[in-house]
Amino acid sequence: CENFYNVFSLVWGNNLNAVEEDLKNEGAITAKLSGSGPSVFGIYEKGKGETAYNNLCKKYKDIYLCVPNCNSGVEIVE
C-alpha cells in the first residue's frame with residue numbers, strides 16, 4: 001500500500017489531501033484518489049473500517065463502507 005500513487009492527485013490539490021489525511025487518521029493503511037476522481041478510498045485492515053466509517057459519517061455526506069466478499073466481489077454495507 002505504501003507504493004500507491006495517482007498522478008491526478010496533483011490536480012485536486014489540498015481538498016483531496018485533507019480527505020486522504022482524514023481516512024489515514026481513522027486508521028487507513030493508505031488512502032488515494034480513485035481514477036481521475038472525484039472518489040477517494042481508504043484501505044483498512046479487516047474489521048477496522050467500520051469504526052472509521054462511523055466516525056467519518058459525521059463529517060462527510062457521501063461515504064460508503066465496502067467489504068470484500070469472496071463469493072460476490074464487493075458489497076456495500078450501510
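How many nonpolar, polar and charged residues are in the lining of the largest pocket? Hold that question for a moment.

One caution before we start. This is a predicted model.

Let's begin with the overall layout. The protein chain has 3 helices and 4 strands. Going along the sequence, the order is α-α-β-β-α-β-β. The chain has 78 residues, and 23% of them count as buried. Now take the contacts between residues at least 6 apart in sequence. Of these, 34% join residues at least 24 apart.

Back to the opening question. The lining of the largest pocket has 21 nonpolar, 6 polar and 6 charged residues. That lining is made of 33 residues. Which of them lie nearest the centre of the pocket? They are L23, V40, F41, G42 and Y64. Some elements give two or more residues to this lining: α2 (14-25), β2 (40-43), α3 and β3 (65-69). Helix α3 gives the most, with 5 residues. As for volume, the largest pocket comes to about 1000 Å³.

Next, the core. Which residues make up the largest nonpolar core? There are 9 of them: L23, A28, A31, Y44, A52, Y53, L56, I63 and L65. Helix α3, residues 49-56, gives the most to this core, with 3 residues.

A31 is then in contact with E20, L23, K24, F41 and G42.

Now let's look at helix α2. Two of its residues deserve a stop. L16 sits in α2. Is L16 buried or exposed? L16 is buried, because its relative accessible area is 5%, and the cut-off for buried is under 20%. L16 and L33 are 17 residues apart along the chain, and their C-alpha atoms are separated by 7.5 Å.

D22 is also placed in helix α2. Its relative accessibility is 16%, so D22 counts as buried too. What does D22 touch, leaving aside neighbours within four places in sequence? Its contacts are L56, K59 and Y60.

Last stop, the cysteines. C57 has 32% relative accessibility, so it counts as partly exposed. C66 has 42%, so C66 counts as partly exposed as well. How many disulfides are there? The count comes to 0.

To recap, keep two things in mind.

Note on methods:
Residues numbered from 1 in each chain as written. Predicted model: local features only at pLDDT ≥ 70, side-chain atom pairs only at ≥ 80, totals over all residues. Heavy atoms only, no water. Core = buried A, V, L, I, M, F, W, Y, C linked by side-chain atoms within 4.5 Å. Buried < 20%, exposed > 50% of the residue type's maximum accessible area, 1.4 Å probe, protein only. Contact = heavy atoms within 4.5 Å. 1 Å grid on protein atoms, 1.4 Å probe; cavity = no way out; pocket = protein on both sides within 12 Å on 5 of 7 lines; lining within 4 Å. Points joined across faces, edges and corners; volume = space filled by probe spheres on them. Nonpolar A, V, L, I, M, F, W, Y, C, P; charged D, E, K, R; others polar. Disulfide = S-S within 2.5 Å.
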